[in-house]
Amino acid sequence: MMSLASYLIISLILFVVGLVVMISRKNIVAILLGIELILNAAALNFVAYSRYVTNNLDGHIFSLFIIVVAAAEAAVGLAIVIRFFQIKETIHIDEATQLRN
Amino acid sequence: MFLQFLFISSAFLTIASAVAVLLTKNIMHSCVFLLASLIGVAGLYATLGADFVAVTQIMVYMGGVVILMLFAVMLTGGKDFISRAQNLLGLPASMGNRWTYGIGLIVGLVFLLTNIKLLMGITKSLPVKTITNEFPSTVNEIGHLLIKEHVLAFEISSVLLLGALVGAAIIARPRKQN
Amino acid sequence: MNQTVVSYLSQYEFYDVLLKLFGGNQGLLALTIYLLLGVAIIGMCATIGGLGTYAERKISADLQARIGPNRVGPYGLLQMLADGVKMMTKEDIMPFTADKMLFYLAPLLCLTGVFATLAVVPFSSGFIMADMNVGIFYLVAISSLVGVGVFLGGYASNSKWSMLGGMRGASQIISYEIPVTISLLAITLLAGGMGFGTIIGRQGGLPHQWFMFHNPFAFLATFVYFIGALAETNRAPFDLPEAESELVSGYHTEYTGMRFGFFALAEYIEVFVVCGVAAALFLGGYQIPGISIDILPLQAVQFVIFMTKTLMLYYVVIWIRWTLPRLRVDQLMSVCWKYLTPMAILNLVGCAIWMVAFDGQSIAEMILGGQH
């Protein structure tokens, strides 16, 4: 029941769902939700390998860094979203077509 | 037994909420389901004996990221843009018709089978590790690893966080009306 | 090592007798003990929460030279039952335009976040549901669920006042989490561990052995923690999310009946937990002065000591609420970011330097010559 394979399958499902969220949604915040799911799938893999394969805790360290990067990414991403909304008054991803102004 | 119960419930929570994130039309609800999914992942970490990582996950996501996302949804009107034409899964029709999905399924299956075939060999050659149900504390060891072997990554991540903090504050600051 | 209440009880003989009663089924016995204790703790804390409302009215009446509730029961003690009955029999109103799912979910999230913290509150050396080695970290993490609950409650009501209250509440909670967490980190540094058992074990029963008087920085950290935690529980003078003069009653304006009761109960229990954590981390927790042996009857004494310290802090919280005026929003944020956070960081660095420079000795140890 609880084996490396089951964790990898959960992680796979999480990854695919995150990918589909990223592709199918048109709202920038929803795309960020998808990114969070994908990053979590990766972090889960690291911890699972750390328990079932290696004998050290490097996997834990790696997933801690993934959490840190995810938090930083969310903060900057959402700041950009709010700025974008101030300029365009929408957060439809297809409206983001200009590099300046 | 308790561990298995925790595992099954966390796995169910993770996957069901992740699918709910995908299928929910209301973006606010999506954020709440994302929170549930991330708590499920924290539960999975706990079943893997990663107590520190599990609590960090709860701390960062529940206390920070999800609240930020809820704020962003609220400040940007909370509209979600679902295209009118949808297929059976509730996904926009622009993602493909049955032919693209069929081809994708076949390619995916072939890819999966080849990967299983390849990975089986690797998995068998992995060092056999005895898995016990004893969960030793990981906090001390993680602390030592962070300031000895991974100290460079640790410092770089602190710089990254500082950069993200300043950058987010500058990007989102109110615009001057001129 | 993760200690739990079951592993504590299992070192006594009557545990074996109980085990025989359960037919040698370890898991079932452990589950029963956890369930019983969980129900006991939740019941106790719900009573404390209920008594909190009574205490609040009585103490405020005392401070304002009034009498306070005195009709129901002796000294008005049964007022909380009357309030409870009133709360439960009220009509459960939901605004027509409310977001139904989130409206139902929000009070439950608040209550869950608060009850989950009770798992690590150390009532005595054995009576702590799970002495996790990530104890304080877990407590800080899981109690941020309250912030989500407050925010969602404000959003889901679909009312201007609720929304403003919810946004204020969430931003206040996530801002004040930073000084609170950093001052807890300073204590972690002094104790060399994050579990409550470890932290309290490093302190003694007498005031000069407490972490509050360990060094000047820890003394400051006590106040930073207490102010920050007070703000996190949305209590006056930081009760901006429910400021009745501006926002009716903030994020729970639209809630009625038992759902409002959940919010109120969560708030009172959270105050209790915050006071308990302050007592455990800074005021020596359950340590009995002068006695360091650990036998079962002394657990009751430890419990009484812990509760005394906690309830005294509870009195201080109510006292502060009825004495100080409310802050403005900009003052609230500047208190957090310009004063408390730099002070907390200073405390952390100061504690680290103290630990290296004086080999981890407290002031009292240095004066008294290093005796423990």
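How far apart do the closest C-alpha atoms of chain A and chain C lie? In this predicted model, the separation is 14 Å, and no contact joins chain A and chain C. Two pairs of chains do touch, and of these the pair formed by chains A and B has the most contacts.

The largest nonpolar core comprises 176 residues, among which A:Val29, B:Cys31, B:Val66, B:Met69 and C:Ala278 touch the most other members. The greatest contribution to this core comes from helix H12 of chain C, spanning residues 257-282, which supplies 18 residues. Chain B is represented in the core by at least three residues from each of domain 1 (1-80) and domain 3 (138-178). For B:Val66, when residues up to four places away in sequence are set aside, the residues touched are B:Cys31, B:Leu34, B:Leu35 and B:Tyr61, together with C:Val148 of chain C.

The axes of helix H5 (residues 100-117) and helix H7 (residues 145-156) of chain C come within 8 Å of each other and cross at roughly 160°. Because angles over 145 degrees count as roughly antiparallel, H5(C) is roughly antiparallel to H7(C). The crossing in which H5(C) passes H7(C) is left-handed.

Terms used: Residues are numbered from 1 along each chain as its sequence is written. Chains are lettered from A and ligands numbered from 1 in the order in which they are written. This is a predicted model: local features need pLDDT of at least 70, side-chain atom pairs count only at pLDDT 80 or more; totals for chains, interfaces and linings use all residues. A nonpolar core is a set of buried Ala, Val, Leu, Ile, Met, Phe, Trp, Tyr and Cys residues joined through C-beta atoms within 7 Å. A residue is buried if 20 or more other C-beta atoms lie within 10 Å of its own, exposed if 12 or fewer, and partly exposed in between; C-beta atoms are placed from the backbone. Helices (H or I, at least four residues) and strands (E, at least two) are DSSP runs, numbered from the N terminus. Domain bounds come from an automatic or database domain assignment. Two residues are in contact if their C-beta atoms, placed from the backbone, lie within 7 Å. Axes are lines fitted to C-alpha atoms, for helices over the stretch in contact, and angles run from 0 to 180 degrees between N-to-C directions. Angles under 35 degrees count as roughly parallel, over 145 as roughly antiparallel, 65 to 115 as roughly perpendicular and the rest as oblique. A crossing is left-handed if the near helix is turned anticlockwise from the far one by less than a right angle, and right-handed if clockwise.
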